[in-house]
Amino acid sequence: LGLALYAGSLCMVTGATFLYHDYCVIGAGPAGLQAAYFLQQAGRDYIVFERSHAPGSFFALYPRHRKLISINKQYTGKSNSEFNLRHDWNSLLSHDRRLLFRRYSRDFFPNADTMVRYLEDFASLLKLQVQYNTAIIHVTLEKNEHAWNGHYFLLTDQDRKNYNCSSLLVAAGTWVPNVVNFPGSEYVEGYETVSINPDDFTGQTVLILGRGNSAFETAENILGVTNFIHMVSRSRVRLSWATHYVGDLRAINNGLLDTYQLKSLDGLLEGDLEDLAIVKDKKGKLHITLRFYLENRNTSAGIDSITLPQDELDNFATRAPYDRVIRCLGWKFDFSIYNRSLRMMPGKGSIKKYPQIKPSYESRGTRGLFVLGTASHSVDFRKSAGGFIHGFRYTTRAVHRLLENRHHGVPWPSTVYPITQLTNCIIKRVNEASGLYQMFSVLADIILLRENTTAFEYLEEYPIGVLAELEMQTGRKARNGLFVIIMEYGRNFSGADKDVFYYNRAVGEAQHAWQSNFLHPVIYYYKRLPTEREMRLHHRDWPLPRPDAIHHIVEDFLTDWTAPNAHILPLRRFLENCLSTDLRNFFAESCFLFAFTHQKLPPSCQQGYVRMQGLVGSQELRHHAIQAGLLQDYTHTDFSDERPPDSHDGSQEQLMRDHGIPVHPLQHLVNAKDE
């Protein structure tokens, strides 16, 4: 009988069918749908698995009080769609103009139900391949030398159906509530189930565990009906305007700070939650004590036999009993469905709620497994916006480009420009690029110089954490040096303890640009690609290793870096110094003189005048150049009294000086030879 059962089970295993796709995406939230869009645009074979009946199931429940904290700015004064995405924190990237979030809501902080409707339309209008009501309950590996990464990913759903894919994109988010276990924790209500009706809290005393936006959101909802609210957490409150991190406490939820600091009974406390204990008395009131008081006590014996802190310290802060204790500690990644063969390990310290991944968003334990969306936030936790829609829509696109190069031989998109357009390209990007702006210090534009610096290749929004691997990850060559363009805040400007409103906090002079505090562009110049060792050992306060040269474009109150003297001129001179060339544009007359007096013409003359290209001269253009001081006005100059008509001694030298062109050291010898 045992042999028969074994044979039958073996037949069932070997006879199992696997539905194959090149790419499997777990989760149809914003990151999963964004990945699906790029895969579909590229014509790839993919499937998205969603456990719910509709996309964005997280937003169907959270935030509990339904107001998002992602801004939806309707007006910016500009029609540039790329620039406007800097202030649209909810839209996903697509070619369809109907799928801009501002067409769904006019609220600055939209309702979460609107996000659910938006994601449903995004999936349906773009006809994304989403398989609903499919909960993946187990993921494992199958070694295969013919697979892209040396193995296949085997997925099993709740109905025991099996799926097989070459590359796995995990976009399931962080949805498992963080729970702290301590004596009496069974009396604690969770954020995910607590009532959102303020009337249920009328006249009650409430303790909230946690100090993030969910905790303050809960407090804000009941602030006007409770006796008082206390909030306890192991760390101090972190205000987003001080840290410049959008995941910290936002102003829309911080009413409790007013009532605390203005002494209206509410208050904030710091303490390790694992040291707490809760005891319930006969009236149903909840008393806060410390764990060590209960170590040798029988809690079932009643509260009278338990020592409370106020028995020894009569002004103990939480000596008043509470009617309710609410847990608002955020969420963590669900590791339970991944087999040990995938080596999906949690991070350490403050990022233990996220899986360990590389700066390329690939799992540290398994090749071909990429983590997208909120769960990928360990790369830039408390630094940038990678855990939020307005950040991971760009990192998801970056992952797609890495996969296109790795598996399909499609190099990272780039554009080649003549070197004369270098300044213009940089100015254009820093003034309108949304990916650089939102994912500051994480994504960068890369400029690869061509041989003899006659041209350059421009790559947009590349993850700087894998800069050393640029050639392998993009299919592009960096043999002649490169510029890296990123956005940064000042080194010592952000922090929970920083006063970001102090006098003289802004820098206005170009020569002090390196002291800029607010977000501003920074250009790094490298004569060669940094090595992996240099990337690994660079100072933790710097996003990149020490460059050969660095330039800060001075911060601007309007975030408009187009001022000729403050922004453009210092940038152009920095680029010229790095390249040892002249990036100015010259009129034909100046190029003509350079051709006779210089061994090497400026690039604008080589690529324009010498090739008979450029603007056709006209009276209006000449008049404009004269008014701007670029050309000398000879129309009213009478040369007849200065020298004989047949004499031209010194005329060429004078003409060059009129144009501000340095006279060649051999110029006088040339004049003598002509004579």
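## Basis of the description

Because the model is predicted, local features need pLDDT of at least 70 and side-chain atom pairs count only at pLDDT 80 or more, while totals for chains, interfaces and linings use all residues. Residues are numbered from 1 along each chain as its sequence is written, and side-chain values use heavy atoms, with hydrogens and water left out.

## Salt bridges

Side chains of opposite charge can pair when their charged atoms come close. A salt bridge here is a side-chain nitrogen of Lys or Arg within 4 Å of a carboxyl oxygen of Asp or Glu. By this rule the model has 22 salt bridges.

One of them links Asp 445 and Arg 429, with an N to O distance of 2.6 Å. Asp 445 belongs to strand S18 (residues 443-449) and Arg 429 to helix H12 (residues 422-432), so the pair ties together parts that are 16 residues apart in sequence. Helices (H or I, at least four residues) and strands (E, at least two) are DSSP runs, numbered from the N terminus. Asp 445 is buried at 0% relative accessible area, and Arg 429 is buried at 8%. Buried means under 20% relative accessible area, exposed over 50%, and partly exposed in between (1.4 Å probe, protein chains only). Salt bridges that share partners join Arg 397, Arg 429, Asp 445, Glu 460 and Glu 461 into one network.

A further salt bridge, of 2.7 Å from N to O, connects Arg 98 and Asp 96. Arg 98 is partly exposed at 48% relative accessibility, whereas Asp 96 is buried at 11%.

## A nonpolar surface patch

Phe 592, Phe 596, Tyr 609 and Val 610 make a nonpolar surface patch of about 410 Å². Patches are made of residues with over 30% relative accessible area and no salt bridge; like charges are joined within 9 Å, and nonpolar side chains (Val, Leu, Ile, Met, Phe, Trp, Tyr) within 5 Å. Accessible areas come from the Shrake-Rupley method with a 1.4 Å probe, and for residues only the protein chains shown count as cover. Phe 596 lies in helix H17 (residues 588-597) and is exposed, at 60% relative accessibility.

## Backbone geometry

Most residues other than glycine have a negative phi, and most peptide bonds are trans. Tyr 62 and Pro 63 are joined by a cis peptide bond, with omega about -10 degrees. Pro 63 sits in the loop between helix H3 (57-61) and helix H4 (81-84).

Leu 265, a residue other than glycine, has a positive phi near 80 degrees. Leu 265 is in the loop between helix H8 (255-261) and strand S11 (267-270).
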